[in-house]
Structure formats: C-alpha cells, structure tokens
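Please read it alongside the model.

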Amino acid sequence: MVNNFNGDFMKHYKHSYKELAKIGRRYYGDTNFCSVLAVAVVADISYGKAFHAYKREGRRTRTGTRQMMQHQVLNQFKLKSERDFDKTDTYYRKTLNNVFKDCKNWTGRYLIYVSGHVLAIRDGVCEDWSAEGSRRKVISIYKVS
C-alpha cells in the first residue's frame, strides 16, 4: 500500500485491459466503459474505484463519457493530465497503428483520444482492445502525472 497525498492509504493495481473488462462486465454489468478502463490503468486503481468515481461525476452505467469528465475523475485521484503537444503534433490525424509502433519506447502513462474512444498506454504497453491494430485517427495525447 502507498500513502496517498491526503494521508489515506491506497492500494495500487496493475491490471491488464482484459482483466478490467472482465470485471466490468461480470460484476458491474457495464459496457461502453473505455474511459473507466483507461482511468483505472493510468491511476493504478481497481475497476470499482474508477467506476464509482465516474458515478460521482454523473456517469450512468453502460454509457460513454466526455473528455472533461475523464479529467475531473483524474483530479479525484490527485492526478494531472496535460496535453503532450510534442506527441499530439507528431501523431495528429495519424492512425493508432502508428502510435502502437512507436509507443514501446514511451515511459509513463498516457491517454490517447480518438473519435468516440480513449485508450491508455502504461510504460509502453497499450492496455486496450484496439492494441491489435486500428485505423482510427488520433485526436490528442495526454500525459498523466
């Protein structure tokens, strides 16, 4: 367990996309949860913590979210998300396949936004179903710290 900024002790999780998606479907009856999964990955928290943080922000089960809500949830866990202009400029309107080829060298945690979807990259590993290759166009890339 690691001491949180506000003095609470918070357990850190390193679940993969498949594990988190299975938990979301089986125990929470949830779908359209890409943002919940992405936040759980970049914040190293359980699916349940991310799910309930989104509920506090007004997300309904089985519905998607907007980018602003995702950043508000990250703020609940004392995390900052700043647009990485260097990476966004490099990959803007290129496909996710281009990102996946190069992200193996990236350190840290990133949120990649494409039309209607968000995915997480943690220390060069893509945690998403689209990791097998996608032609979706990258809109923006945020570094989470």
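This is a predicted model: local features need pLDDT of at least 70, side-chain atom pairs count only at pLDDT 80 or more; totals for chains, interfaces and linings use all residues.

The side chain of Arg 59 reaches the backbone oxygen of Thr 31 at 3.4 Å. The side chain of Asp 30 also makes a polar contact with that of Arg 59. A polar contact is a pair of N or O atoms within 3.5 Å; within protein, one must be able to donate a hydrogen and the other to accept it, and residues adjacent in sequence count only if both atoms are side-chain atoms.

| Side chain | Partner | Distance |
|---|---|---|
| Arg 59 | Asp 30, side chain | 3.0 Å |

Residues are numbered from 1 along each chain as its sequence is written, and side-chain values use heavy atoms, without hydrogens and water.

Arg 59 sits in the loop between α3 (47-57) and α4 (67-76). Helices (H or I, at least four residues) and strands (E, at least two) are DSSP runs, numbered from the N terminus. Arg 59 counts as buried because its relative accessibility is 5%. Buried means under 20% relative accessible area (1.4 Å probe, protein chains only).

Now the strand. Six of the six residues of β4 (109-114) are buried. Arg 109, Leu 111 and Tyr 113 point one way, and Tyr 110, Ile 112 and Val 114 the other. β4 runs antiparallel to β5 (117-122), joined by six bridges. Two strands pair if DSSP finds at least two bridges between them. Arg 109 stands opposite Arg 122 in β5. β4 also pairs with β7 (138-144), antiparallel, over six bridges. There, Val 114 faces Val 138.

Definitions and conventions. Buried means under 20% relative accessible area, exposed over 50%, partly exposed in between (1.4 Å probe, protein chains only).
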